[in-house]
Protein chains: 2
Amino acid sequence: MDSAALLDILGNENRRRILRLLSHKPCYVTEISDYLGVSPKAVIDHLRKLEEAGLVESRTDDQRRKYFNISRNLRLEVDVSPYEFGMKSAYPASPNLDVSSCQYLSLNVQYLNERVEPADDAEDDIEHDVERISDSEASEVAELAAELNCLEDLKSELSLAQRWVHGRMTSVLDSLSEAVDGDGENRIRAEILAALAAGAETTVEISREIKAPERIVESHLKSMAERGVVERDRENDEWTLTG
Amino acid sequence: MDSAALLDILGNENRRRILRLLSHKPCYVTEISDYLGVSPKAVIDHLRKLEEAGLVESRTDDQRRKYFNISRNLRLEVDVSPYEFGMKSAYPASPNLDVSSCQYLSLNVQYLNERVEPADDAEDDIEHDVERISDSEASEVAELAAELNCLEDLKSELSLAQRWVHGRMTSVLDSLSEAVDGDGENRIRAEILAALAAGAETTVEISREIKAPERIVESHLKSMAERGVVERDRENDEWTLTG
């Protein structure tokens, strides 16, 4: 779903409390209402918004009571800096995706390409709460727990790496702005230069890359050319970085 | 700042539009009001909230007009899944942080440990818009642009990796729940098992690790011991995974 709509939904303390509660266990309206100290009517209203956004779903149990569950996996990332206000929301990538092939990133995780499959004898036993699990099930559980623990560490490391990238980008943009945008009015110039470094050559390519009108891109390119930051090859109308 | 307060601030379309505008250039109230088509009074109100949250700051220019700017770098991450509603907000990590030492993660970035320093002769020239920059400045700009482009790619790869981890965690939690929590009422058990896999041994350590009361952790450990998923060493009162 759209990041903006997601932020509208999450920008409410009671809806966040409902999601937190449902992430622990499926709940009925009265449970949620008791836990939050909020009227059932208000809870129903929040649940309706969460359902419309596709974040929760309801089921009806044997006693015909309706209970609610989080239905969706998703991740929202928001970056704020003097140069950026970026939002991104996305579904989880498939667990089968080959993440080892990234250009700048290697994940050193032993579980990367092997997926633990449930033991064949698992199905029958798990319904009975006091029945003991088999040895193969026990070792499957231990392996899954180890993988979960490793994934949690990896998640923290990725988050740290992303905060490092964020800090580094801001620092690079500070330096670039100082060089090509003295008064802070032309932050778009840093993006134009990054697009050139990425291989964009014509005004059309650059404006597509940074999602800005060609007219504006062209005028900044011309000013930067006057200062010797970029050069124009008049023959094929291509731009390059001078340095 | 607190993730919840940040979501409250960002859960408003006009405040998001103000942040997007300010990320392009510093603005006066009337500019923002014209751009958004919202009364100056409403803009002032939003700006006050953004200022209180420390996200924007104001300065007064030579003509004594007050203009606004994004003052803070931060990153917000929200994960939603049937097992989790997690929010995290953090400042960027220092660009000087050594991210190459992570356990599960390697970043293959040539810029990792070298920081481009501005050329000495840069300061004097950059104030004059039509003055041409020196060769060393031009090559510094080209290097910075290349680094920015590389950081943008790295950011996308990290985001993809994080979505992969999210998907993988959900799939591991699905398998674990199936094995130890048939009715979906005891999602905490997967966390207890992950804490055991991470090396926690006593009830106290586990409850500290997963931030749950000891009493509850103890009762789940006992049920899981009855099923043979975990074992208790009675001598030193430590728990281990059976498998």
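Here are some friendly notes on how the two chains of this predicted model are arranged and on a few contacts inside them.

1. Ground rules. Local features need pLDDT of at least 70 and side-chain atom pairs count only at pLDDT 80 or more, while totals for chains, interfaces and linings use all residues. Side-chain values use heavy atoms, without hydrogens and water, residues are numbered from 1 along each chain as its sequence is written, and chains are lettered from A in the order in which they are written.

2. Symmetry. Chain A is superposed on chain B by a rotation of 180° with 0.0 Å of shift along its axis, at an RMSD of 0.0 Å (least squares on C-alpha atoms of residues with pLDDT of at least 70 in both). The two copies are thus related as by a two-fold rotation axis.

3. Aromatic pairs. Over all chains there are two aromatic pairs (ring centres within 6.5 Å; planes under 30 degrees apart are stacked, over 60 edge-to-face, the rest tilted). Y28(A) and Y67(A) pair edge-to-face, 6.0 Å centre to centre with 70° between the planes. Y28(A) belongs to strand β1 and Y67(A) to strand β3 of chain A, so the pair ties together parts 39 residues apart in sequence (strands are DSSP runs of E, at least two residues; helices are runs of H or I, at least four).

4. Accessibility. Y28(A) is buried at 18% relative accessible area, whereas Y67(A) is partly exposed at 22% (buried is under 20%, exposed over 50%, partly exposed in between, with a 1.4 Å probe and protein chains only).
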